[in-house]
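Subject: Handover of a structure and the findings

Dear colleague,

Please find below the structure that I am passing on to you. My notes on what was found in it follow directly after.

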Amino acid sequence: MKKLTLLFFFLGCLGIYAQDLAVSSNDAAIPLYTNSISESNANNADVVKHVDGLSDKKLAKYLRKGGVADKLIEKANEYYDKMWYAESARIYDMVLEKTDAKHTSSLLSKAGDSHYFTGNLEKAYKWYNELYQLFSDDVSDETVFKYTQTLKGTGKYRRAAAITKILRQKREEPLKELQKQNDSNWEDAYTVKIKNLGINSPYSDFSPMFHGNGIVYSSAKDSSIFITRRYKWTNQPFLDIYEAKRKNDEGDLTQPKKFSKSINSKYHEASMAFSPDNETIYFTRNNYGKRLKRGKNGINHLKIYRSRLVNGEWSKAEELPFNSEDYSTGHPTVSPDGTKMYFVSDRPGGFGETDIYVVDIYPDGGFSEPKNLGRTINTAAKEMFPYITENTLYFSSNRPMGFGGLDIYKSEGVEDMFSIGVNLGKPINSSRDDFSYIIDAAGEKGYFASNRKGGKGDDDIYSFVLEANLNAITGFVAEAETEEALERAHIALFSATGALLFETMADTTGGYSFKNLSSNTDYTVVAQKEGYINDSLQVRTKENEGVSVSQYLRQLKRTEPSTVVEMFEPSNVYFEFDSSEITTRSAEELDKLVAVLKENEGLSLKIASHTDARGPAAYNRLLSDRRAKSTKQYIVSQGVDPSRIISAVGYGEERLLNPCSDGVPCSPTQHRLNRRSEFILISE
């Protein structure tokens, strides 16, 4: 999906074919070898031709010859500079894997980039990871970002989060933003069934758009008998616009064919939209007349073109007035009433690499000046592939804390004032690129594109159907001895990773419920009420049906009169950061407490555990609860009757011993003082 970096340079990641908005003029016209290259480059080309015809054994012998590796690197660099990434990736691999050439920072970086821009995230990760291991202090921020994307794309989320944190610290950016996203942002009131479509080819297929009884879409497949021209970035045919008919209610498509000879050209056409009456099409194309045109930076940019249906034929395309020779404009989508167009551009003055803009469409066919949709939609990353419905904007972005690559987001809005985008979650989004999402007027069915694993080609089109989400946990909380309902008990739902998802209060009948959950997913339900011992329950949801649970809270034992006879110093038992394990030092202190309890049978114990203020408060409450339980378990394991432990309660970060609250800079030692368990001995 990284292959359209040239084609959609402002889009950043269209898909293998759909990424960046700019297309190099070299890519569009120059063949692999030309008569105009220098004698040195001709020799390098001969080296490449020669190795292509060798067996593995002969190739290994040939690559050991002096000077061969240097010639291959020079040729790979030439391809890289032309943005012929499919060719450069092949040669860089050969040099790095089969020769004794030194693995320099430049060589590893270009090898990683070549695979990144052609969508091979596994190979990109291999070279970026080696680059980061060997030259971490010299790796550019841009390359570090691409490295984190390959980490996500290959399922290494923790490593990606760690590298992202280091990068943000280097830039002196706030780290709290990394904690804002949790699973609750990605829940929905629907379950989603997706299907890979039969029209997909081994090449890139993406940007579906509703049209009549089917869709129109972009594809790099070549339906002619002979393939005569290829796009050097990906070594695939150029993109054309195709159409296919809807086969059934599940979204299957059939009879794919090229859309229009008058619209498709010898260069790229992609990402289109229609007027409400389907008599005007807007689409994205390379900027060219009789030949490709280049801007001040030497890049052939993209433009939006318009064609009208006249007597059943599409007219010659005309470019829209807000295009430019010096930046790219593309990915149009038209509002249901036909009065507004949303599009993507890397024009100056935006918030990030590519932003989403809007223009008014006037009755006479003219347009207003483009308006940036603002910070609620656009970020410092790439926003692209907008799709507008009656009151919702869908778009893709590679902003931080997504699932990986491009993710699809939705934003509610009225009159171009949109809310902050919400990630649509899995299975719509994956660890790869997910983009060009469209949904029908009923809000139940649609299509999107992805280069996720298991597809038929680089980018594939998937259909989806939304069904009501019946996944829920319905609970009942009661007093343990009387089994009477406990109203106003506090109930919290946590993910398997400890993230707080939802909180609620039990009603007068002790009942509560958490709706719109994920199928076949592990959750933790924690019930709390003043004067009772907390209860944690592990619950796994089923396949789109509800689950019922019950929890019984035991009252804290209180014997009158009772007297606090001793309070152990809170500094005696510490925990490591984000851990509830009893350390060797802490065990030694707890053994002293155990000895006191064994010598004094009339003493009971209260345990209170705490955390420092780092991390979300809800997570810290859960962590402190685990610390209290692990402390109790250790004491019981040393021979103390569990009935003598009146309570073991976690208070999170509520009872700090020093001023080290959120945002207050403190040393590790100061934070450590708050990661403790306290012990109160009670005389009965």
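Among contacts in the chain between residues at least 6 apart in sequence, 58% join residues at least 24 apart; contact means heavy atoms within 4.5 Å. The model is predicted, and local features need pLDDT of at least 70, side-chain atom pairs count only at pLDDT 80 or more, while totals for chains, interfaces and linings use all residues. Residues are numbered from 1 along each chain as its sequence is written, and side-chain values use heavy atoms, with hydrogens and water left out.

The chain has 13 helices and 33 strands. Both kinds of element are DSSP runs numbered from the N terminus (helices: H or I, at least four residues; strands: E, at least two). Of the 684 residues of the chain, 53% count as buried. Buried means under 20% relative accessible area, exposed means over 50%, and partly exposed lies in between (1.4 Å probe, protein chains only).

Helix pairs

Two packed helices are described by the angle between their axes and the distance between the axes. Axes are lines fitted to C-alpha atoms, for helices over the stretch in contact, and angles run from 0 to 180 degrees between N-to-C directions.

Helix 4 (residues 68-81) and helix 5 (residues 85-98) have axes that come within 8 Å and cross at roughly 155 degrees. Helix 4 and helix 5 are therefore roughly antiparallel to each other. Angles under 35 degrees count as roughly parallel, over 145 as roughly antiparallel, 65 to 115 as roughly perpendicular and the rest as oblique. Helix 4 passes helix 5 in a left-handed crossing; a crossing is left-handed if the near helix is turned anticlockwise from the far one by less than a right angle, and right-handed if clockwise. On the side of helix 4, the contact is made by A69, L72, I73, K75, A76, N77, Y79 and Y80, and on the side of helix 5 by Y85, E87, S88, I91, Y92, M94 and V95. These residues divide into 11 nonpolar, 2 polar and 2 charged. Here Ala, Val, Leu, Ile, Met, Phe, Trp, Tyr, Cys and Pro count as nonpolar, Asp, Glu, Lys and Arg as charged, and the others, Gly among them, as polar.

Helix 5 also packs with helix 7, at an angle of about 50 degrees and with the axes 13 Å apart. Helix 5 and helix 7 are therefore oblique to each other, and the crossing is left-handed. D93, L96 and E97 of helix 5 make the contact with K123, K126 and W127 of helix 7. By class, this contact has 2 nonpolar, no polar and 4 charged residues.

Helix 7 (residues 121-135) in turn meets helix 8 (residues 141-153): their axes come within 9 Å and cross at roughly 130 degrees. Helix 7 and helix 8 are therefore oblique to each other, and their crossing is left-handed. In helix 7, L121, A124, Y125, Y128, N129, L131 and Y132 meet T143, V144, K146, Y147, T150, L151 and G153 in helix 8. The residues of this contact divide into 9 nonpolar, 4 polar and 1 charged.

Backbone features

Most residues other than glycine have a negative phi, and most peptide bonds are trans. Q255, in strand 5 (residues 253-258), has a positive phi near 55 degrees. F385, in strand 15 (residues 383-388), has a positive phi near 50 degrees. F385 is buried, with a relative accessible area of 4%. The peptide bond from K426 to P427 is cis, with omega near 5 degrees; P427 is in the loop between strand 19 (422-423) and strand 20 (434-439).

Individual buried residues

V539 belongs to strand 28 (residues 535-540) and is buried, with a relative accessible area of 5%. Not counting residues up to four places away in sequence, V539 touches I473, T521, D522, Y523, V525, V547 and V549. The C-alpha atoms of V539 and V549 are separated by 8.1 Å, with the two residues 10 apart along the chain.

F575 is found in the loop between strand 30 (563-568) and helix 11 (584-599). At 2% relative accessibility, F575 counts as buried. Leaving aside neighbours within four places in sequence, the residues in contact with F575 include R627, S630, T631 and R675.

Yours sincerely
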